[in-house]
Structures are given as C-alpha cells and as structure tokens.
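Please read them with the structure open.

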Amino acid sequence: MNDRNGKPSIDAPKLSKRLAALAGLVRPGARFADIGTDHALLPVHLALAGTIAYAVAGDVNAGPAEAARRQVRAAGVGDVVTVRHGDGLTVLAPNEVDTVCIAGMGGSLMVRLLEEAGEALSGVTTLILSPHVAEDQVRRWLENNRYVLELERLVEEDGEIYTLLRAERAASAAESEARHKALYDAALLGAEGKAVPTDLLYEMGPLLLRSPDEAFMAKWRGELSKRERIAQGMKQSDAPETRAKLEAWTRTTAEIEEVLACLQGERRSPN
C-alpha cells in the first residue's frame, strides 16, 4: 500500500476540513471504527496514510454502505478496511477495535448508539465524537461511562462551527471520578472569574472554556442571537408554562453572557 519511501502509493481521497480534523485525532496504529461512515472517506484516508492498523466502516443505510465498499475497492485498502451494513456499534464485535469515531449526527442520537452498544464497547479506549447539537448530552454520557475528555476543538467550515471531542476511558471508577471533578470545576475561570453554572460546563465544554478561541466566541455569539430570536417568539404567548420557560431561558442567556464577558476580558488581558 506504501512505496519504498513510506508514502501512500494511491492518493488518499480529499477530505473536508472537518473530516481532516477528525483524522488528525486518530492515534497511529489504532484499530479504528467509523460509525455512520457514509462513503468511508475517513477510514480510507487513514488506511492510505498508514495511520491505522485496521478499520471497520459501518453505516445503517444500504446505499452509503455500498458506496463505501466501492471506495474501499477503488483505493485498494480492502486488506485494512472492512465495510459493514448495520445500526450503530452493532457492526462491531467485542474487543475488535480500540478507537471509535461517530460524527455527523445530533448528540441525542449519538448517546443512543453508545447506550445500545453493549459489549461492542469492550476494548474501546478512545472515543472521537462530533455532535452537531446536544453536546451536553454527549459530555454527560462520557462522564457517566468513565470516558474522560482530553481534547475539545472547534472547526469552522462553510459557515458552520463543528465541535470535535476526544475522550479516553479511565482505568477505574475512582480515577474517572477524580478527573471529572477537576475537569468540571465551576471555578475554572480563576479566582477573579465568575463560577460557571454546571449546566453551562456541559453545554459550552470544560476544555473549550479554558482556552476559548475566536471560533468559540463566534459560536456562542451566534447562540445568543438565536436565543434572543426564540425569546422574542415566547414573549408573544401568555400561557403560564411559556412564561415560566421564558424566565428560565432568560436566566440561562444572562449566564452565558456573563461567562463570555469574563472570557473576553481574559483574552484582552496582557497576562
């Protein structure tokens, strides 16, 4: 598959910026699974680059699974990449892979797939996840299942900002508890900063909050604009349940604004 200089003999398929960023999170030598693989661009790229030892490319839809098989054949990586048609992690055998990637879906669906994985997660030490929405649900699942976030990254592509997460399974429940306690420390902004409400730690990302870049600020400025539009809609209703929801919505919006103001102040500080 590689020439004598160790370079791929077949050009790897061109990846989008988001997929390239996901590829960069895969450790060399990984036994890899791409769940919801579509055309198997990611595992084929990793195989041609010599990054992975083995891969399973799974998709719940028959059309994309067949397209993935064609991609694997065309790239000549059938000895590394296996394509399977099936729902979620059911395509995996216990201890078959050590790294699982799930991207391109909402957080609630991602959590469902992980919950239903059962023994398929046996031996999986690394999860690489990119939820489009409901990121807080994914972070809570990771904490409840002994996977500790070690990396959070935002990638902007075609006007959208995508969240990429990599988590490692802790060796024990005690280790997981200790690491999560430090990770989700409400005082992470420091003695001079505002304590971050617990719900926002899961929504905004504990590592992203520690190192906010322009993509992070842009994402949450956009979120505030969206929340304001939704609040304006709720204000048109006199229903008691809607008014109560509006009050809670307004409180959370104010908390987000306070956190962003604190982060913006830190970014402007010469220290």
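1. In the largest pocket, α9 supplies the largest share of the lining, 8 residues. Helices (H or I, at least four residues) and strands (E, at least two) are DSSP runs, numbered from the N terminus. A pocket is an open set of points on a 1 Å grid over the protein atoms alone, where a 1.4 Å probe fits, with protein on both sides within 12 Å along at least five of seven lines; lining residues have an atom within 4 Å of a point.

2. The model is predicted: local features need pLDDT of at least 70, side-chain atom pairs count only at pLDDT 80 or more, and totals for chains, interfaces and linings use all residues. Residues are numbered from 1 along each chain as its sequence is written, and side-chain values use heavy atoms, with hydrogens and water left out.

3. The lining of the largest pocket has 21 residues, and His132, Val133, Lys219, Glu223 and Lys226 lie nearest its centre. Two or more lining residues come from each of α5 (135-144), β7 (160-169), α9 (214-234) and α10 (240-268).

4. The volume of the largest pocket is about 630 Å³. A volume is the space filled by probe spheres set on the points, which are joined across faces, edges and corners.

5. The second largest pocket holds about 390 Å³ of space. Its lining has 25 residues, with Ile35, Gly36, Thr37, Asp38 and Ala103 nearest the centre. β4 gives the most to this lining, 4 residues.
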